[in-house]
Amino acid sequence: MSQQLDQMLTDATAKNLSLAQTLEALVDRELESRHQRSIERRFKLSRLQSMPSIDSFSFNHHKSRLQLKTRILRLLDLDFLQNGTSVCLIGNPGVGKTYLAKIIAWRACQANQRVLFTTAMDMLNHLLASQVDHSLIRKLKIYTEPSLLVVDELGYLSLDQQTSNLFYQVISTRHSSKRSTLITTNTAFSDWGNILYNTTIATAIADRLVENSEIFLLAGEAFAKAIRASLPPNNHLGWLRSGAALWRYPHGGVRRVTPQRRCRQGRGSIAPALCFPSSLLCSTSAPIICSCFRVWNTAPVSCSS
């Protein structure tokens, strides 16, 4: 305010403003300046390094973006932060997952929300190193306290037992605190048992992410087609549930599915917390979806290749 006082007084004199009007203009200028400094501080702490806009995100790049356009634009309202909803962007490399995650993170910074952007390996290496000087509890707060944590590139490298446990601690703490986590990954949930130490940890993490989440398939045509072919229409992966799942039949009706039931096809020898419909057992989608989780056949659904 002190830096702008002389200019403001000169403008007030030229415009013949009253004392009250001049003070109001000074207060407005100071509030605006504080807001801008707050956004700059949020951006610096977020580790984003760029300020991408949704205007630069081409929805015509491929079909999956166009199909998700309405849901993606709705994310920019940031209502999911108020509800503690997590977001999962799933797709093969080069489809814009990271760029979209940065757009959402920058939008949250502009709304003066505390944001942190990190890759999965950077976060876990940082936490792993903190165990040496016994500062793990303090360092965990760096990743558990932001309103939005963006974890990029999950699935590119496999995790050992220590790093898998650390990842679980971050996700579990944020889930219990109802803070939103945005995950970008090139690996379907069913394959998380291959990138995490074992399917017990993979199931626990996926269970917490899926319970209250928005899931987006930002995939190339071949990858998206194989997954969408096995999904009920207009469901957007909404049939995924933790523990006791609900499978909605395509023509109406709901059946309760428990994880204790074994797959009739003999697939998935390790217990999961997620259950999948029998349509996922078709030859087209089975390699993508059914490699780690038990599947309970609830209704025969044809799947075109």
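Author: Let us start with Glu-153, which counts as partly exposed because its relative accessibility is 40%; buried means under 20% relative accessible area, exposed over 50%, and partly exposed in between (1.4 Å probe, protein chains only). This is a predicted model, in which local features need pLDDT of at least 70 and side-chain atom pairs count only at pLDDT 80 or more, whereas totals for chains, interfaces and linings use all residues. Residues are numbered from 1 along each chain as its sequence is written, and side-chain values use heavy atoms, with hydrogens and water left out.

Reader: Which residues is Glu-153 in contact with, leaving aside its neighbours within four places in sequence?

Author: Contact means heavy atoms within 4.5 Å. By that rule, Glu-153 touches Thr-119, Ala-120 and Thr-184. Thr-184 lies 31 residues away along the chain, yet the two C-alpha atoms are separated by 5.7 Å. Glu-153 belongs to strand β3 (residues 148–154); strands (E, at least two residues) and helices (H or I, at least four) are DSSP runs, numbered from the N terminus.

Reader: Which residues of helix α8 are buried?

Author: In general, an α-helix has 3.6 residues a turn, so residues three or four places apart point the same way. In α8 (residues 136–144), the buried residues are Leu-136, Lys-139, Leu-140, Tyr-143 and Thr-144. They lie on the same side of α8 because they cover an arc of only 140 degrees around the axis, the arc being that of the directions from the helix axis to the C-beta atoms.

Reader: What covers the buried residues of α8?

Author: The cover includes β2 (115–119), α7 (120–130), β3 and α9.
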